[in-house]
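Subject: Structure handover, salt bridges

Hello,

Please find the structure below. My notes on its salt bridges follow.

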Amino acid sequence: MGLLEPLEIRGLLPYGRMTHATGGAVAMDQAEVFAVHLEHFSEMIREKPILTEALVHHMASRIRNFTAMRAQNEKLISLGKLSAGLAHELNNPASAMVSTSESLLKHLRLVPEVFKGVMTAKIEPELVDDLNTWLFDIIDNPRAKLNLFERTKAEDQLTDWLDDQNFEDSMDLAEVLLDYQVLTSDVEKMQAITGEEGFQTTLRWIANNLATEKLFGDIRDSALRIAALLRSITDYSHMDRVQDRQPFDINAGIRSTPRTLGHKIKSGKIEVEEHLHEGLP
């Protein structure tokens, strides 16, 4: 649909590939139309070569415009698919951030109870320092992760042991502690140090700190994932590049492509192997 300008040419042209004219037009006001039937093209070419030349030139312009429009449409379709895939990729970490933030908010509401228990516990200052050192060593120097079978076995053992110590939320505590590979042997040693009286309060305080650390870590990882995706799409599309020639890290450009097209790689169950030379200038 569109308005025809005065002296505009439409329909079949000499030497064109069209076999019949398509479409139609509606006159909104008084108008004059000059039409040449296809049967008269041969005579027109023979008798009016200047007019034929002008029409062929017009046809060439029409082909260029059509080709440019088709290329633009293909770019838009490609951009639409890329945007849809990127939106899908961004949705996962964004949803994880929202969910984890809500969990963190609920978790922080439990802090006053834990703090109350810590304040009323009779724990020597030296012991608190030792526990702090042990806690941050676990956080800063993570142990090797257990495989699924090892974790299930360790979780069952720790849950049973906590049940024997009269913990009402033994399963939740065991899950939090196993996220940082804290085993039954570790909490047994802790109990031997703190004694029966301060053990439950101490273990809950440690588990609370580990849970908070994990939730913050999950939010950080999701934010880093979003930042990496945005950086990849910027590198992939060269959106922030000036038109002048400038040095470019080829490896970074190659790596940005599978990150940007991650949704296609996952849906196609494709494995990508990178063999890049790190010493390229």
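Salt bridges

Arg151 and Asp179 form a salt bridge, with 3.1 Å between the closest N and O atoms. Arg151 sits in helix H5 (residues 148-164) and Asp179 in helix H6 (residues 170-179), so this pair ties together parts that are 28 residues apart in sequence. The model is predicted: local features need pLDDT of at least 70 and side-chain atom pairs count only at pLDDT 80 or more, while totals for chains, interfaces and linings use all residues. Residues are numbered from 1 along each chain as its sequence is written, and side-chain values use heavy atoms, with hydrogens and water left out.

A salt bridge here is a side-chain nitrogen of Lys or Arg within 4 Å of a carboxyl oxygen of Asp or Glu. The count by this rule is 9 salt bridges. Helices are DSSP runs (H or I, at least four residues), numbered from the N terminus.

Asp179 is partly exposed, at 25% relative accessibility; buried means under 20% relative accessible area, exposed over 50%, and partly exposed in between (1.4 Å probe, protein chains only). A network of salt bridges links Arg151, Glu155 and Asp179.

Arg255 forms a salt bridge with Glu278, the closest N and O atoms being 2.5 Å apart. Arg255 lies in helix H8 (residues 250-260) and Glu278 in the segment after helix H9 (262-267), so the pair ties together parts that are 23 residues apart in sequence. Arg255 is partly exposed at 26% relative accessibility, and Glu278 is exposed at 56%.

Glu47 pairs with Arg46 in a salt bridge, the closest N and O atoms being 3.8 Å apart. Arg46 is exposed, with a relative accessible area of 57%.

Regards

Conventions
Helix = DSSP H or I, 4+ residues; strand = E, 2+ residues; numbered from the N terminus.
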